[in-house]
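Subject: Structure handover

Hi,

Here is the structure I promised to pass on. Please open it first, then read my notes below.

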Amino acid sequence: MENNKQQTLTHLDEKGQARMVDVSDKSHTHREARAMAVISMQPATLQMILDGKHKKGDVLATARIAGIMAAKRTPDLIPMCHPLMLTSVKVELLPNVDNNTIEITAICKLVGQTGVEMEALTAASTAALTLYDMCKAVDKAMVIHDLQLLEKKGGKSGHWQRANTLKQ
């Protein structure tokens, strides 16, 4: 916990049973979340992606589209997530040749009654999984890591930003 306030698990009722949180009385506010994931690979794998020589096509474009699609399908994957009317989903993939990684950042926005953290995390992780899927034939040793929420804005809890992020 980041503050001294007592925190409760909102997806459990008074009997400890799983439930979808009732957001009926929450105000509609602008909400935004930013999440990231990193995938590490062999230098030759990264170079193949950057040179556009992968036989499956444009790996980065496919991963970007997969991330966007995943954000829109989050409530189909995470049981207690509300279906949301996303107004924006952006997925950026930044190759880092020095570290043999691709850093993935997902930003989701809406005006609504509940946050978009899970959508941003789902977008980032699915983009990373898509990169892995497309390149696993040439590099089975790839590692997906550092999946994390970087920032959220809006709602009753306001603005939160992770300290010491890999990418600001």
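Ala141 is exposed, at 54% relative accessible area. Exposed here means over 50%, buried means under 20%, and partly exposed is in between (1.4 Å probe, protein chains only). Ala141 sits in the loop between α4 and β4 (143–153). The C-alpha atoms of Ala141 and Gln42 are separated by 7.9 Å, yet the two are 99 residues apart along the chain.

Some ground rules. This is a predicted model, in which local features need pLDDT of at least 70, side-chain atom pairs count only at pLDDT 80 or more, and totals for chains, interfaces and linings use all residues. Residues are numbered from 1 along each chain as its sequence is written, and side-chain values use heavy atoms, with hydrogens and water left out.

The overall layout

The chain has 4 helices and 5 strands. Both kinds of element are DSSP runs, numbered from the N terminus: helices are H or I with at least four residues, strands are E with at least two. Along the sequence the order is β-α-α-α-β-β-α-β-β. Of the 168 residues, 41% count as buried. Contact means heavy atoms within 4.5 Å. Among contacts with a separation of 6 or more, 69% come from residues 24 or more positions apart. The chain exposes about 10,000 Å², and carbon and sulfur atoms supply 53% of that. Those areas come from the Shrake-Rupley method with a 1.4 Å probe; for residues, only the protein chains shown count as cover.

The core

Which residues touch the most other members of the largest nonpolar core? They are Met41, Ile49, Val91, Leu93, Ile102, Ile104 and Leu131, out of 31 residues in that core. The elements giving two or more residues to this core are β1 (29–40), α1, α2, β2, β3 and α4. The most come from α4, with 9 residues. A nonpolar core is a set of buried Ala, Val, Leu, Ile, Met, Phe, Trp, Tyr and Cys residues joined through side-chain atoms within 4.5 Å.

Take Met41 as an example. Leaving aside residues up to four places away in sequence, Met41 touches Leu46, Ile49, Asn100, Ile102, Asp139 and Met142. One of these, Asn100, lies in the loop between β2 and β3. Asn100 is not a glycine, but has a positive phi of about 55 degrees.

Start with α1. Its buried residues are Thr45, Leu46, Met48 and Ile49. They lie on the same side of α1, because they cover an arc of only 160 degrees around the axis. The arc is that of the directions from the helix axis to the C-beta atoms. The buried residues of α1 pack against α2, β2, β3 and α4. Gly52 follows α1, and its phi is positive, near 70 degrees.

Now α2, residues 59–72. This helix has 14 residues and reaches 20 Å from its first C-alpha to its last, close to the 20 Å expected at 1.5 Å a residue. That expected span is 1.5 Å times one less than the number of residues. Val59, Leu60, Ala63, Ala66, Gly67, Ala70 and Ala71 are the buried residues of α2. Why do they fall on the same side of α2? Because they cover an arc of only 135 degrees around the axis. They pack against α1 (43–51), α3 (74–77), β2 (88–96), β3 (101–112) and α4 (117–135). Asp58 caps the N-terminal end of α2, with a side-chain oxygen 3.2 Å from the backbone nitrogen of Leu60.

Other residues to look at

Asp146 is in strand β4. Asp146 is partly exposed, at 33% relative accessible area. Its phi is positive, about 60 degrees, although Asp146 is not a glycine.

Ser157 is in the loop between β4 and β5 (160–161). At 59% relative accessibility, Ser157 counts as exposed. The Ser157 side chain makes a polar contact with the side chain of Lys152, at 2.8 Å. A polar contact is a pair of N or O atoms within 3.5 Å; within protein, one must be able to donate a hydrogen and the other to accept it, and residues adjacent in sequence count only if both atoms are side-chain atoms.

Ser27 is in the segment before β1. Ser27 is exposed, with a relative accessible area of 52%. Not counting residues up to four places away in sequence, Ser27 touches Gly112 and Gln113.

Best wishes
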